[in-house]
Amino acid sequence: MKLNYHHLYYFWQVAKSGHLTRTANALHVSQSSLSQQIRQLEERLGQPLFLREGRQLHLSEAGRLAFDYADTIFTQGEELSALFAEGGHAHREVVRVGAVATLSRNFQEGFVRPLLGRDDLDLILQSGGLDDLLRRLSAHKLDVVLSNQPVRGDSEHPWRSQRLARQPVSLIASPHLSPPPVFPSGLKEHAFILPGVENATRHAFDQLCSHYRVSPKIAAEVDDMAMMRLLARDTQHIAIMPPVVVRDELHNGTLTDYGALPGVWEEFYAITIQRRFESPSLKALLTRSGESLLD
């Protein structure tokens, strides 16, 4: 018995939207008819393709594999139609990158730099909270998520966390700060701009201060690295951050790196999901050295 590609197309559309009723309306078919055709596909494949949680549909492990095949089949079919019927371009690779909103913009730029300016590739950049980005990754709406923390995958969510780079966390402040901060004895005269308490760097900094019995004065707690950069630049407070965040300011002398904190690191991860078909350009990005990403 051959595979019914009409059923596969309906499955593909539901998998992309995650919503049966919405897809039925978009395809101008009844919800019952759409459900029946997906059930017939599941019977043909011998595997459930969706896990139902209330009104939401999530791909099962078999569903994720089927989606990869369907996505390749129908995406290339659409491109083929455009090529001949509308004078469209030949096959173009698409790389979809999600990044945690608080992640260093300089690091994000360093990660995607090899793809910028390529005529044969479409680059899509999105940002958001980690949970939302992981949902998009699981729904195959993203190819990779950049984060400053790893995630643990399981049979339902086969995420893979690859550490791309890590950098010491430093005391960053105005070059005119007086007296210059020296860890740990010279911190009492200054106030600090720190990451939020949920941040791994903040946790390491707090442990370090506890070890040396230092109680720093906190001027602000900031989750967003871009805002930390601005506050470090425009105040006389010390920001605790990796130098990559303020790379340009360090180069032009607007800010100064007063030294790395012992044993405190910021780590950068690429989170992907197991796929049968993987982007060759993304594979190349994931094999680059950490130094090139932080340069």
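Proline 179 lies in the loop between β6 and β7, helices (H or I, at least four residues) and strands (E, at least two) being DSSP runs numbered from the N terminus. A cis peptide bond joins serine 178 to this proline, with omega at about -5 degrees. The loop between β6 and β7 also holds proline 184, which is joined to phenylalanine 183 by a cis peptide bond whose omega is about -5 degrees. Most peptide bonds are trans, and most residues other than glycine have a negative phi.

The model is a predicted one, in which local features need pLDDT of at least 70 and side-chain atom pairs count only at pLDDT 80 or more, while totals for chains, interfaces and linings use all residues. Residues are numbered from 1 along each chain as its sequence is written, and side-chain values use heavy atoms, with hydrogens and water left out.

The secondary structure of the chain comes to eleven helices and ten strands. Of its 295 residues, 44% count as buried, a term that means under 20% relative accessible area, with exposed meaning over 50% and partly exposed what falls in between (1.4 Å probe, protein chains only). Among contacts (heavy atoms within 4.5 Å) between residues at least 6 apart in sequence, 74% join residues at least 24 apart.

Leaving aside neighbours within four places in sequence, glutamine 13 is in contact with Thr23 and Leu27.

Thr23 and Leu27 are also among the residues of α2 that meet α3, together with Leu20, Thr21 and Ala24, and on the α3 side the partners are Gln31, Leu34, Ser35 and Ile38. Helix α2 (residues 20-27) and helix α3 (residues 31-45) pack at an angle of about 105 degrees, with their axes 9 Å apart, which makes α2 roughly perpendicular to α3. In the loop between these two helices is histidine 28, whose phi is near 60 degrees, a positive value in a residue other than glycine; histidine 28 is exposed, with a relative accessible area of 72%.

Further along, six of the eight residues of helix α5 (residues 105-112) are buried, so this helix is largely enclosed by the rest of the structure. The buried residues are Asn106, Phe107, Gln108, Gly110, Phe111 and Val112. At the start of α5, a side-chain oxygen of serine 104 reaches to within 3.2 Å of the backbone nitrogen of asparagine 106.

In helix α8 (residues 225-234), the buried residues are Met225, Met228 and Ala232. They pack against β6 (159-173), β7 (191-194) and β9 (238-241). At the start of α8, a side-chain oxygen of aspartate 224 reaches to within 3.2 Å of the backbone nitrogen of alanine 226.

Terms used: Axes are lines fitted to C-alpha atoms, for helices over the stretch in contact, and angles run from 0 to 180 degrees between N-to-C directions. Angles under 35 degrees count as roughly parallel, over 145 as roughly antiparallel, 65 to 115 as roughly perpendicular and the rest as oblique. A polar contact is a pair of N or O atoms within 3.5 Å; within protein, one must be able to donate a hydrogen and the other to accept it, and residues adjacent in sequence count only if both atoms are side-chain atoms.
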